[in-house]
Amino acid sequence: MLLGAVIRHGEVAVRISEVEAYLGPLDPASHAFRGPGGRAAVMFGPPGRLYVYLSYGIHHCLNVVCSPDGVASAVLLRGGEVIAGKEIAQQRRGLRVPARRLASGPGNLGQALGAELSDSGALLTLGSQPLRPAAELWSLEPAETPTPWAVTTRIGISKNADAPWRFIIPSDPTVSGRRH
DNA sequence: CTTACGATTGCCT
DNA sequence: GGCAATCGTAAGG
């Protein structure tokens, strides 16, 4: 369960409020649909790694690879709340952006965390980080307590659009888009 | 080699 | 609600 978990890159940390699952050759909406030869090769690899892709030539979107080695799947991080490194995130996103929008939406979340294409394939350290985290270090800390959640269909895709594979924390103001 | 297309966002009307 | 921005991929010739 990624909802409520905290992803950290250097000094910036985000508590995840919205995710979407993408599978492999069975899911036409997935980048892994066409096999392990393309940009989504990391989705076929071992779990606990980042898959980063460039969306519309502008936005760096973050996924967590979740399936065993050899099986393709990843979870797109679509939104969350910046809980550490707010000044850095604010600087990256622009000073006019309200706090709750700093990491709301997949492109915004990637920008707040300073994700780049070269981060694709990076290993996510499990658990909390040392006091002074290395700028290039990624980590993922599971939620401490269970979180109320809801399911919806995915957003922004045309293929396999009916699959109910989007998961949100309904009460969280950092969820992007519709809440049903 | 050339062309078309997004797992999006923010600004414009 | 409409649409431009912008570039790595993937598909086509």
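Where is the place of Y56? Select Y56: its place is the loop between β3 and β4. Keep in mind that this is a predicted model.

Stay on Y56 and check its backbone. Phi is near 55 degrees, a positive value in a residue other than glycine. Most residues other than glycine have a negative phi. Y56 is exposed, at a relative accessible area of 76%; the cut-off for exposed is over 50%.

Now show DNA strand B and select what surrounds it.

- Y53: an N or O atom of the side chain is 3.2 Å from a base nitrogen of DNA strand B.
- R93: an N or O atom of the side chain is 3.2 Å from a phosphate oxygen of DNA strand B.
- Y22: a polar side-chain atom lies 3.3 Å from a sugar or linking oxygen of DNA strand B.

Colour by element. β3 (50-55), β4 (59-65), β5 (74-84) and α2 (106-112) each give two or more residues to the surface near DNA strand B. Which element gives the largest share? Select α2, with 3 residues.

Last stop: N160. Look in the loop between β8 (150-152) and β9 (166-168). Phi of N160 is near 50 degrees, again a positive value in a residue other than glycine. N160 counts as partly exposed, at 28% relative accessibility.

Key:
Residues numbered from 1 in each chain as written. Chains lettered and ligands numbered in written order. Predicted model: local features only at pLDDT ≥ 70, side-chain atom pairs only at ≥ 80, totals over all residues. Heavy atoms only, no water. Polar contact = N/O pair within 3.5 Å; in protein donor to acceptor, adjacent residues only side chain to side chain. Helix = DSSP H or I, 4+ residues; strand = E, 2+ residues; numbered from the N terminus. Buried < 20%, exposed > 50% of the residue type's maximum accessible area, 1.4 Å probe, protein only.
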